[in-house]
Amino acid sequence: MISLAGRDILHSWGKFVFTGVGLGLLIGVTLTMAGVYRGMVDDAKVLLDNSGADLWVVQQDTLGPYAEPSSLYDDVYRTIRGMPGVDRAANITYLTMQVRQGERDVRAMVVGVVPGGPGEPGQPGYLIAGRQITHSHYEAVADVATGFKLGERIQIRRNHYAVVGLTRRMVSSGGDPMVFIPLKDAQEAQFLKDNDAIAQQRRRTAANPAFNRPGTPGLLDAVLASQSINPYINAVLVQVKPGFIPEEVAKPIRRWKRLQVYTRVQMEEILIGKLIATAAKQIGMFLVILAIVSAAIVAFIIYTLTLGKIREIAVLKLIGTRNRTIAGMIMQQALGLGLIGFVVGKISATFWAPIFPKYVLLEPGDALLGFAGVFVICALASVLAIRAALKVDPAEAIGG
Amino acid sequence: MHEKGIRIEGLRKRYGKGDTALDALKGVDMQVAPGEVVGLIGPSGSGKSTLLKCLGAVIEPTAGRMTLGEEVIYDDGWKIPDLRALRRDKIGFVFQAPYLIPFLDVIDNVALLPMLAGHPNAESRKRALELLEALDVAHRAKAMPSQLSGGEQQRVSIARALVNRPPVILADEPTAPLDSERALAVIRILNQMARQYETAIIVVTHDEKIIPTFKRIYHIRDGKTQEEAGEGRAFE
Ligand SMILES: Nc1ncnc2c1ncn2[C@@H]1O[C@H](COP(=O)(O)OP(=O)(O)O)[C@@H](O)[C@H]1O
Ligand SMILES: [Mg+2]
């Protein structure tokens with residue numbers, strides 16, 4: 001027996017290839033959407049990996065520092081360092097903002113890190129060019145995705161920074177590239193008021209009789225000094241000593257320091273389960289619609305192709321072709337269309353994924369799932385056409 | 001009385017039920033011997049197609065008896081369990097238009113029937129080629145139907161009707177779209193094939209050009225047949 005479906009596809013290959021390519025682009029979009037989600041998850045994991053931390057110490061009752069704002073005093077890390085099982089603890093700040101370079105500005109996550117040796121939590125793990133931050137002011141290490149070059153000067157709020165190092169795959173959970181600057185500068189960038197606001201605050205403080213007491217010289221100066229320092233950070237990153245279980249180390253910090261502490265697993269749960277959950281649902285919605293649209297297209301095409309062959313199907317039935325053979329022919333054509341579509345889709349997704357501004361991670365597992373999905377959809381979509389074909393009366397071939 | 005060929009006795013067909021019932025066939029008697037080509041003529045709506053459909057086992061008669069070859073296929077009910085196989089193996093169909101499968105080349109259009117009956121591809125194609133040779137279209141074996149002339153297509157469809165060597169061929173206005181010369185050529189071929197393969201052939205027609213070629217003609221009027229001698233203008 002010959003393959004009727006195969007012969008039909010070869011005969012009207014133009015129709016099949018065109019429809020297949022159209023379907024393929026749609027499948028490509030579907031695979032890309034899945035890749036966007038995987039990319040977001042991967043970005044979140046990379047963010048956690050690259051922070052080099054085992055524990056995140058944040059403000060009580062917050063999901064900080066990535067999912068919610070969190071602020072701590074910047075001397076907390078000292079006492080944490082003294083807790084059992086803690087190897088290293090470092091202050092860190094995160095602030096997503098526009099970073100300017102010359103005429104343009106780039107959306108970036110500005111990370112304030114304590115200048116220090118390699119392996120210090122919060123430090124960019126590896127550099128592709130230049131060096132780490134060594135001075136405590138006005139140096140920056142940028143992710144290459146920012147487009148900044150070594151030696152360029154960038155502006156964060158009022159201060160300028162020299163780019164001394166470049167790193168890669170250091171992104172926020174939103175996919176924005178990171179720019180690392182010294183902690184002190186970052187604290188200023190995050191908490192510093194503008195000059196007018198400072199002047200105004202000074203005036204208001206000076207006008208307040210509670211602070212400006214003639215009988216207590218120096219009080220006003222002390223108050224003003226305390227107002228102009230910025231002793232806040234967003235989180236303390238903690239590395240646990242070898243042999244200690246992070247959760248066991250976290251417990252006493254939670255209890256005695258009255259701070260929230262998250263382990264790596266909990267942090268991942270916050271990022272993936274909460275921070276990108278809505279985005280994931282959004283993408284899921286897209287996937288559902290794309291699947292329905294693909295199914296509708298396949299169903300429509302196969303149905304139209306089948307209706308165009310009603311006479312031939314009547315003849316085939318009259319000369320003794322089994323219903324099963326005819327149904328098989330239609331089903332195989334739908335699957336053939338799906339196959340062309342999948343190949344085109346996979347190729348186009350692979351081709352355009354790197355051009356996307358955010359990371360698109362095409363996982364082979366998703367492709368495999370997509371492949372199975374396409375086949376199921378095509379099989380279901382052919383049901384309508386098969387029903388139409390099975391209803392054809394062989395008597396129609398004889399005419400009236 | 002022939003033992004083989006087609007025999008129809010008292011065949012009735014009623015469409016619908018109750019008030020709207022319509023008796024399309026009211027007791028048709030007909031008999032065609034192997035090797036014989038008979039004409040079935042009658043005005044429009046007289047029941048020609050209905051008779052072919054009953055014989056072709058695509059609609060069920062209401063009563064009567066039909067014998068194909070040595071087999072009683074209908075006797076107040078189907079006597080054959082697998083009508084699909086009956087159509088495939090025992091009946092050849094030739095239609096007004098060739099109705100070739102557009103996505104199969106000429107040889108596979110013909111070879112499809114033996115293939116459907118379970119014969120290997122090579123053997124099926126060999127049988128198909130024999131018939132294409134007999135019908136003088138073997139040189140177009142690898143062409144697609146759309147590349148053939150109307151006459152060539154009709155010859156391919158005759159080859160398809162014959163390839164499983166059925167005892168019976170039913171032709172429904174096979175010359176309608178053809179000019180006089182080609183129409184006569186088709187009838188000549190049908191006569192030749194009828195003799196060569198011992199096939200009983202019924203040709204439904206109202207084509208004036210070919211009516212004089214039949215030796216016997218069945219007139220169908222108001223659901224009943226009437227046998228007449230034709231002119232039987234020979235081709236020799
Ligand atoms: N499927 C059907 N249902 C009801 N009546 C039918 C059907 N097919 C044919 N008829 C009627 O049966 C009669 C014979 O029709 P048909 O066999 O097609 O005649 P012919 O082929 O000689 O023109 C006509 O009156 C026609 O209207
Ligand atoms: Mg008719």
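Biologist: A search of the whole structure finds how many salt bridges over all chains?
Modeller: The search finds 30 salt bridges over all chains. Please keep in mind that this is a predicted model.

Biologist: Let's take one of them. What makes Arg38(A) and Glu363(A) a salt bridge?
Modeller: The cut-off is a side-chain nitrogen of Lys or Arg within 4 Å of a carboxyl oxygen of Asp or Glu. For Arg38(A) and Glu363(A) the N to O distance is 3.5 Å, so the pair meets the definition.

Biologist: Which parts of the chain does that pair link?
Modeller: Distant ones: Arg38(A) belongs to helix H2 of chain A (residues 13–51), while Glu363(A) is in the loop between helix H11 (323–352) and helix H12 (364–391). The two residues are 325 residues apart.

Biologist: And why is Arg38(A) called partly exposed?
Modeller: Buried means under 20% and exposed over 50%, with partly exposed in between. Arg38(A) has 30% relative accessibility, so it counts as partly exposed. Glu363(A), at 32%, counts as partly exposed too.

Biologist: What about chain B: what joins Asp23(B) and Arg14(B)?
Modeller: Their side chains meet in a salt bridge, 3.0 Å from N to O. Asp23(B) is partly exposed at 34%, and Arg14(B) is partly exposed at 43%. Elsewhere, salt bridges that share partners join Arg7(B), Glu9(B), Arg65(B) and Asp75(B) into one network.

Biologist: Now to the place where the chains meet. How many residues of chain B are in contact with chain A?
Modeller: There, 27 residues of chain B are in contact with 25 residues of chain A. The area buried between the two chains is about 2500 Å², and carbon and sulfur atoms give 67% of that area.

Biologist: How do you know that Arg7(A) and Asp108(B) form a salt bridge?
Modeller: Their closest N and O atoms are 2.5 Å apart, and the limit is 4 Å, so the pair qualifies. The count between chain B and chain A is one salt bridge. There are also seven residue pairs in polar contact between the chains, both residues being at pLDDT 80 or more.

Biologist: Which helices of chain B supply at least two residues each to the side that touches chain A?
Modeller: They are helix H1 (48–55), helix H2 (83–90), helix H3 (106–116) and helix H4 (121–134) of chain B. H3(B) gives the most, with five residues. By class, that side of chain B has 16 nonpolar, two polar and nine charged residues.

Biologist: How do you know that the length of helix H5 of chain B agrees with what a helix should span?
Modeller: H5(B) covers residues 150–162, and at 1.5 Å a residue its 13 residues should span 18 Å. The end C-alpha atoms of H5(B) are 19 Å apart, which agrees.

Biologist: What makes H5(B) mostly covered?
Modeller: Eleven of the 13 residues of H5(B) are buried, including Val156(B), Ile158(B) and Leu162(B). The buried residues pack against helix H10 (310–318) of chain A, and also against parts of chain B, among them H3, H4 and helix H6 (180–197).

Biologist: Back in chain A, why is Gln123(A) called buried?
Modeller: The limit is under 20%, and Gln123(A) has 5% relative accessibility, so it counts as buried. Gln123(A) is found in the loop between strand E4 (104–113) and strand E5 (127–130) of chain A. A polar atom of its side chain lies 2.9 Å from the backbone oxygen of Val114(A).

Definitions and conventions:
Residues are numbered from 1 along each chain as its sequence is written. Chains are lettered from A and ligands numbered from 1 in the order in which they are written. This is a predicted model: local features need pLDDT of at least 70, side-chain atom pairs count only at pLDDT 80 or more; totals for chains, interfaces and linings use all residues. Side-chain values use heavy atoms; hydrogens and water are left out. Contact means heavy atoms within 4.5 Å. Buried area is the accessible area (1.4 Å probe) that two parts lose on being put together, summed over both. A polar contact is a pair of N or O atoms within 3.5 Å; within protein, one must be able to donate a hydrogen and the other to accept it, and residues adjacent in sequence count only if both atoms are side-chain atoms. Helices (H or I, at least four residues) and strands (E, at least two) are DSSP runs, numbered from the N terminus. Ala, Val, Leu, Ile, Met, Phe, Trp, Tyr, Cys and Pro count as nonpolar, Asp, Glu, Lys and Arg as charged, and the others, Gly among them, as polar. The expected span of a helix is 1.5 Å times one less than its number of residues. Buried means under 20% relative accessible area, exposed over 50%, partly exposed in between (1.4 Å probe, protein chains only).
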